[in-house]
Amino acid sequence: MDLSIIIVSYNVRDLLRDCLKSIYTQTKDISFEVFVVDNASSDGSSDMVEKEFSKINLIRNKNNLGFAKANNIAFKLSNSKYILLLNPDTIILDNAIQKMVAFMNEHFKAGGVTPKILGPEGNIQYFQLSKDAFSYSYFFYLFCSFFQILFSKYVKKKKSRIHLYNSYKKINEVGFIAGTCFMLSTKAINRNEDILDERFFMFAEDRDLSLRIRKKGYNLYLLPDISIIHYWGRSCSENSSFCRDVVFCENRYIFLKKNFSIFKALLYRLVIAIGYLKFLLWSNIKVALFIPLGSKDRLYHRKRNEKAKALFFWGMGLSH
């Protein structure tokens with residue numbers, strides 16, 4: 001078997017259907033199997049897969065086990081040369097999967113590859129960190145985190161990422177690959193271990209996996225001539241965004257503590273706390289002085305401040 005495709009799904013039935021259709025339409029001339037791990041969806045996702053895609057290996061979890069643990073379940077059942085971690089809110093274009101497999105076959109030192117990831121409007125969603133920049137990325141993340149907190153109004157996070165840019169005119173060796181579409185070689189990981197660290201419920205596990213692969217002497221590549229579409233954020237409920245931001249920060253903290261040091265991890269928490277404290281102070285002054293009572297803007301700012309409070313308390317190591 002050339003490839004095992006693992007898709008972890010949670011309440012994205014229609015997007016998942018489109019993703020699976022694109023896989024079978026756009027993937028030719030390689031042997032592959034597909035695992036869909038459903039994390040206790042309530043929208044009929046599992047039934048749809050069972051009815052419309054009988055060849056797929058469907059795993060129904062009774063609870064939402066998170067991204068890392070769900071992927072590990074399928075990984076232990078797979079038996080192939082390469083593994084593709086793929087989000088359910090993606091669309092495969094132009095035989096992208098086969099082209100990634102061909103690249104892996106031709107480059108022995110390739111531990112992982114990713115295509116150019118586009119939003120539905122055609123914009124580039126991820127600017128990957130270069131290989132050299134990854135070594136210095138910790139301090140860069142601190143700067144970016146602080147900048148985004150204070151100037152979030154001016155940072156269009158859905159259309160660009162504050163990362164060091166790589167040229168998309170040639171194949172680039174990168175420091176990490178996003179879990180949106182991450183093809184890796186089984187030679188770069190230990191088959192007897194989990195593919196992802198289950199301490200990460202979601203977020204940061206792809207960064208951790210990338211670092212583990214590179215520590216084993218393998219390279220990660222971005223293939224700019226290959227593209228997929230990613231409907232950013234559709235696989236996460238809008239109602240869960242409040243909690244999602246705290247989970248994101250917590251998992252980045254775990255990543256820093258595991259791979260760098262407890263000091264750097266605590267410094268990251270402090271940056272988050274200080275950043276959101278300043279955000280709250282300015283936001284409350286703005287509301288008190290410039291936004292009339294009864295204005296719809298007050299409700300908007302109140303919701304933003306509640307999220308900011310949660311992240312401030314998280315940064316201080318306190319519950320909220």
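Guide: A salt bridge is counted here when a side-chain nitrogen of Lys or Arg lies within 4 Å of a carboxyl oxygen of Asp or Glu. By this rule the count comes to 13 salt bridges. The model is a predicted one, in which local features need pLDDT of at least 70 and side-chain atom pairs count only at pLDDT 80 or more, while totals for chains, interfaces and linings use all residues. Residues are numbered from 1 along each chain as its sequence is written, and side-chain values use heavy atoms, with hydrogens and water left out.

The setting comes before the pairs. The chain has 10 helices and 9 strands, taken as DSSP runs numbered from the N terminus (helices are H or I with at least four residues, strands are E with at least two). Of the 320 residues in the chain, 52% are buried; buried means under 20% relative accessible area, exposed means over 50%, and partly exposed is in between (1.4 Å probe, protein chains only). Among the contacts (heavy atoms within 4.5 Å) in the chain with a separation of 6 or more, 79% link residues 24 or more positions apart.

One of the pairs is Arg60 with Asp47, whose side chains meet at 3.1 Å, N to O.

Asp14 is partly exposed, with a relative accessible area of 43%. The C-alpha atoms of Asp14 and Asp89 are separated by 9.0 Å, although the two residues are 75 residues apart along the chain.

Strands E1, E2 and E3 pack against the buried residues of H3 as well, together with strand E4 (82-86) and helix H7 (205-215). The buried residues of H3 are Phe67, Ala68, Ala70, Asn71, Asn72, Ala74 and Phe75. One of them, Asn72, lies in this helix, which spans residues 67-77, and has a relative accessibility of 1%. Leaving out residues up to four places away in sequence, Asn72 touches Asp194, Ile195, Leu196 and Glu198.

From there the account moves to Asp197, which forms a salt bridge with Lys258, the closest N and O atoms being 2.8 Å apart. Asp197 lies in the loop between strand E8 (181-185) and H7, and Lys258 in helix H8 (residues 241-259), so the pair ties together parts that are 61 residues apart in sequence. Asp197 counts as buried at 13% relative accessibility, whereas Lys258 counts as partly exposed at 32%.

Lys258 also meets the side chain of Asp208 in a salt bridge, at 2.9 Å, N to O. Asp208 is in helix H7 and Lys258 in helix H8, so here the parts tied together are 50 residues apart in sequence. Asp208 is buried, at 0% relative accessibility. Through shared partners, salt bridges join Asp197, Arg199, Asp208, Arg212 and Lys258 into one network. Helix H7, where Asp208 is placed, is also one of the elements that the buried residues of H3 pack against.
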